[in-house]
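Me: I would like a close look at a single part of this model, with the terms spelled out as they come up.
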Amino acid sequence: MAGILIHSAVEQGELRAEFWELVTVARQLAPSVGGGLRVALAGSQLGDALEQARRAGAAEVRVLEHAQLADPWPEGHFEALAALCGRLDPEVVLVPRTPLGAEVAARLAIRRGASLVHDVTHVQKGADGITATRPVFGGAVSATVQARRGPWVIVPRPHAFAAAAPADGEASPVVREAFAPATPPRTFCGARTRQGSSGAKDIEKARVLVSGGAGLGGPEPFRLLGEVAELLGGAVAASRVAVDAGWVPTSLQVGLTGRSVAPDLYLAVGISGATHHLAGCSSAQVIAVVNSDPAAPFFRLANYGVVGDWKEVIPAFRDALKEKLATSRVA
Amino acid sequence: MVAMEMTRPPYWNVAGKDLMYLVLAIQVAVLGYGVYRRCRVWRGATRFARLDEIGLRLRQVLAQAVAQRRLLRERGAGLAHLAFSWGFGLLLVGTAVAMLDEDFGIPVMRGAFYLWFQSLALDLAGLAAIAGVAVMLWRRHVTKASRLREPADRPETTLDALVPVVFLLVLVTGFAMEGARIAALDDPWGRWSPVGYATGLALRGALPGDAALKALHGGLWWFHLVIASAFVAAIPYTKLAHVVTAPLGIFFAPIGPADRALRPVDFESGARLGLGARDGFTWKQALDAETCTQCGRCQAACPAYATGQPLSPKALVGDLRDHARGRPAHGPVHLPATAERPLLAQDLPELVAAVSPEAVWTCVTCGACVEACPLGVEHVPTVVEIRRHLVMEAASYPERLQAAMANLEARGTPYQGTSTSRTAWTRGLDVPRMAQRRRAEVLFWVGCAGAFDERGQKVARAIATVLRRAGVDFAILGEEESCTGDAARRIGDELLFSTCAQRVLETLAKYEFGAIVTGCAHCFHSLKNEYPQLGGKFRVLHHTELLRDLLASRRLEAKAPDGDVVTFHDPCYLGRYNGQCDAPRAVLRAIPGVRIEEMARSREQSFCCGGGGGHAWMGELSGGRISHARADQALATGARTVATACPFCASMLKDGLAVRSPGSGPQVLDVAEIVELSTRPGPRPDH
Amino acid sequence: MRAVVCLKQVVDPLTPATELALDRAAKKMKPAAAGPPVINGYDEQALEAALRLRESLGQLEIVALSLGERFHLDVMKRSLAVGADQLVLVQDPSLDTPDSHRVATALAAAIRKIGAVDLVLCGRQASDWDNAIVPLLLAELLGMPCLTLARRVSVQGARVEIDRVLPDGSQTMWSELPAVVTVTSELGALRMPTARARLATARIQPKLLTLADLGVAAAEPPQVEVRDLSIPVAGRECRFVEAADGAAAGRRLAEILMEAGVVRPEGAR
């Protein structure tokens with residue numbers, strides 16, 4: 001039992017942003033774990049992702065490439081990883097906190113009898129095993145947890161760790177693995193539907209996010225947020241309430257069960273700041289909050305706060321912005 | 001001739017008089033059967049009668065059924081109805097007098113009485129009645145007043161349509177007959193019946209001689225008798241029934257705030273909850289359905305109808321009557337509904353399908369319809385009874401409301417999604433808590449809007465500040481306060497209401513206080529008029545009542561003059577439900593320089609802000625926005641400040657004005673906020 | 001057909017931060033002073049999934065199952081009021097734990113005791129520890145397949161089919177019954193109970209079980225221990241924008257963000 005293995009699923013040939021955060025965690029843990037770093041990439045067509053992953057400074061990149069891994073099929077990805085772990089016997093497995101990753105990690109921990117350390121914002125290994133910090137109760141409470149016995153499966157929280165820079169030197173060698181599940185599958189994938197994300201930019205990549213919540217009261221005001229986002233070259237996001245109410249598609253949801261984002265500016269409108277939501281946006285560089293409730297918890301996390309009615313604040317904000325951006329372009 | 005008695009010969013020129021009794025017998029039989037049929041609706045209805053305050057109730061009957069005050073609010077139609085009904089009434093008396101004299105041989109139709117009453121007064125009464133009925137026909141068929149228009153699926157019945165026509169015929173033939181008699185007899189007292197006399201002159205000129213006059217009179221007499229008898233027999237088959245039912249309905253109509261409290265539900269009885277089928281009617285509801293003449297005054301007053309929402313209180317009562325009489329439902333919705341998705345499950349109780357669930361949920365329970373109804377029909381309690389059925393038997397209600405109610409049940413407030421504490425609004429103010437004080441002169445009931453709504457918090461701060469300034473010994477319940485359950489009651493969740501109320505009563509029992517003062521009109525109504533049903537009898541004041549007293553007794557001095565033109569929006573549950581229209585105005589008048597400019601609809605006839613009946617959490621389901629319509633009405637006064645006295649109104653009006661007059665519109669302030677500004681020590685700051 | 005819905009009683013996630021209190025010695029959250037606990041929101045949605053399933057199948061026995069140290073019966077009985085046929089509560093001090101193995105072991109034992117269970121429905125995760133591991137462990141212990149993140153659940157014959165929520169849409173997945181399925185919030189809120197049902201359930205007592213009844217041995221030390229809990233201090237100092245009204249505040253916010261360089265002209269390409 002030795003070494004660190006980073007596992008990442010690849011969709012549409014793109015390496016997830018979290019990959020480089022996992023590399024940071026791996027580099028932090030490497031001195032106390034020993035046995036080197038390996039990377040496992042899984043998917044049906046790895047494309048550019050493989051070349052990028054080879055720059056992580058790993059001893060090797062194991063490739064789990066198979067048509068059946070095209071979908072985010074938890075059991076398939078898990079079986080492929082479990083088979084690999086059976087051969088490599090890593091001491092620490094790092095998995096990104098995506099819906100797929102979190103499930104693969106949990107299944108792997110169960111199969112291997114490993115300790116699952118979930119959603120960590122800080123992690124270290126000492127003589128007593130792994131000690132980690134993680135937010136619980138939706139972020140209202142911080143917990144320090146300890147897992148004495150290895151092996152460990154660690155799921156870092158997105159954006160809690162800085163992205164690592166690619167390593168200098170030779171690209172890692174690639175080892176191709178066969179997809180050979182230990183047991184016949186028990187769950188099966190059928191038709192996949194993608195939401196028509198017409199014009200909606202990927203909120204994980206946007207540098208500016210204008211996010212709306214329950215306070216907006218319906219789908220129409222998101223058009224106003226869209227205008228502001230357009231001015232700022234950003235995208236529109238939303239809280240869970242807005243998504244569950246059907247005002248905007250799921251792909252715009254920021255929060256514990258939605259996307260985790262870390263834009264330069266997160267402008268939250270009509271979102272009270274349930275800890276569930278804050279968990280997904282607390283890594284933003286600057287947070288500005290517009291809310292009519294002065295006691296809204298979001299203000300505690302904000303750099304700038306406006307206590308007021310968004311119906312008054314946002315149109316004026318948009319107009320002022322339009323004006324200022326126009327004049328500064330002329331100047 | 002001089003000695004001739006001042007009367008007229010009995011049954012002059014009438015052949016086969018005994019046949020008349022047969023006609024009358026048929027009339028009585030038809031009438032009796034009709035009455036029986038109409039009374040069937042009461043079979044199985046729950047007993048419900050308000051029998052307290054008989055004197056006040058009788059006065060109400062005098063004012064509304066006899067003097068017809070409510071009808072006269074609409075001048076033209078009111079006068080027409082008054083002329084018509086009084087004229088008709090007098091003619092009936094005259095007929096009775098004639099019967100006494102002619103059939104029973106009691107000589108009453110004699111002398112000056114005959115000349116002044118039986119001849120002149122009745123002649124004028126008939127003329128007035130003709131004028132009245134002509135105006136009414138004109139309004140219905142020529143100018144087509146909108147409130148009278150019938151929906152396509154419930155056209156006016158032929159009988160109902162014939163009523164005024166037949167009535168006109170009765171009157172005209174009456175005059176023609178009288179004219180023929182006067183002319184034929186050359187009646188010396190003929191001039192005392194001026195219309196009859198003039199008709200007689202005309203007939204004499206038109207007809208060849210006495211024989212023709214006599215023949216005309218004889219024919220007309222029978223014709224008149226038959227149609228007049230038919231007219232009377234038709235009473236139970238037509239809207240004429242209200243002649244009998246209206247005084248009853250008015251007698252049992254609410255006479256004060258306590259009567260406007262909703263009926264409690266007996267959960268122990270195991271009976272079906274709420275109104276979901278015709279056997280669930282109370283006596284009064286059955287009476288309401290039977291009394292309604294579809295005059296549409298409720299519809300004209302309804303803010304939801306005025307803004308194109310799928311509710312007409314007139315149609316609702318019509319639907320209920322059709323349903324009560326066992327007529328098939330005409331489909332779930334008869335007004336254009338634009339709701340994006342159906343609100344409810346498919347298998348609706350028949351009665352709900354008959355009135356349409358949209359209509360039931362669209363109601364803001366503002367009570368404008370009840371206030372407008374001249375016949376004492378109570379639409380709102382019936383709407384709530386239907387909601388009770390939907391909510392408590394079928395758990396079927398609009399989704400957003402469901403979230404609010406789930407939150408109310410779990411967390412004691414309908415404001416879901418907030419993790420604000422109940423006392424966040426007190427930050428920076430020294431507001432004493434009952435838990436520490438145990439007793440206080442005034443218990444300030446903040447309400448959920450005061451605690452959790454941004455606009456309401458400001459009002460709560462203003463009230464607390466002013467109470468402190470006046471040196472009132474007060475305290476709040478703080479975190480111990482929980483929702484009165486008013487919202488739950490209005491949307492029909494009586495079980496949740498009683499749970500909420502039980503919790504509140506337990507909390508209140510712990511402390512001693514002289515009075516509860518609240519800034520919320522809904523909490524006010526609930527605590528004052530509905531809690532007594534559960535044994536909670538307190539002195540409950542609306543904050544405007546306390547402020548009025550504090551200003552009158554100079555415990556508060558409004559020094560800073562204010563040159564503002566202010567219009568006051570009466571919260572429904574303060575003005576209409578509790579008749580308290582004067583206190584807030586007295587407070588405003590106590591501030592130097594304030595000028596009150598009333599909106600077209602004010603006081604008891606105020607127009608809802610759109611936030612009542614659960615709509616603060618539901619929003620408008622479809623159609624226009626009531627708050628926008630009210631904002632327009634406020635703008636029309638030119639006032640710079642729209643004052644109100646309920647946090648829901650404040651927040652709805654603010655939103656409405658923000659849309660209807662963006663940027664430069666008037667500000668919306670609670671009366672307490674205005675008082676707070678004008679009683680500030682030192683120079684008045686600009687606001 | 002029989003379904004078990006696993007419900008967890010949790011501290012109300014909407015408890016105001018000012019009301020939260022920790023018992024640092026016990027490494028637990030103190031029961032909230034402000035209000036009663038709630039059923040974990042995702043678990044409520046799992047119950048809603050079961051109720052909808054019953055509507056589409058015509059017949060389904062629903063057993064609500066919960067573990068804990070102390071139960072707020074009014075809260076838990078809501079499951080009965082909305083339509084669960086039975087409420088089974090396993091009570092033991094050791095069950096108030098974030099140790100997933102302990103919880104899953106006890107749940108599995110209870111589900112075996114209930115017997116003949118075709119479908120186990122769980123919320124995707126609990127709002128307190130957000131681990132999302134218990135359902136997977138439970139499936140492992142029961143030897144059932146596990147489908148996760150369902151926004152829709154249907155049963156055809158011996159097969160359960162779900163729409164699994166993905167970040168960019170959804171995917172149909174299925175497995176043979178018996179199975180464990182986890183439900184996500186997109187499925188929709190738990191329905192409201194009728195008043196009649198609320199009144200009726202007030203008189204029904206849940207079935208109470210102990211770990212001894214289930215034959216579950218004493219707790220082993222958890223693989224992952226909680227060393228400490230603390231309430232983090234907010235990381236940012238909020239600068240509130242002062243202005244006469246909302247519109248002015250909006251304009252001022254734009255100025256401030258420009259001055260601070262957060263909003264740059266090139267951002268508006």
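In what order do the four strands of the open sheet in chain B stand, and which pairing do they have, parallel or antiparallel?

Reply: This is a predicted model, in which local features need pLDDT of at least 70, side-chain atom pairs count only at pLDDT 80 or more, and totals for chains, interfaces and linings use all residues. Residues are numbered from 1 along each chain as its sequence is written, while chains are lettered from A and ligands numbered from 1 in the order in which they are written.

The open sheet in chain B has the order β2-β1-β3-β4, with parallel pairing; strands are DSSP runs of E with at least two residues, helices are runs of H or I with at least four, and both are numbered from the N terminus. Two strands pair if DSSP finds at least two bridges between them. Because β2 (474-475) and β4 (540-542) of chain B each have a single partner strand, they form the edges, and one side of each is left without a neighbour in the sheet. Strand β1 (residues 439-445) of chain B is joined to β2(B) by two bridges, the two running parallel, and B:Val442 stands opposite B:Phe474 in β2(B).

Helix α23 (residues 521-530) of chain B lies across β1, β3 (512-518) and β4 of chain B, at about 160° to β4(B), where axes are lines fitted to C-alpha atoms, for helices over the stretch in contact, and angles run from 0 to 180 degrees between N-to-C directions. Helix α24 (residues 543-552) of chain B also packs on the sheet, touching β3 and β4 of chain B, and its direction makes about 80° with that of β4(B); residues are in contact if their C-beta atoms, placed from the backbone, lie within 7 Å.

How values were computed:
Contact = placed C-beta atoms within 7 Å.
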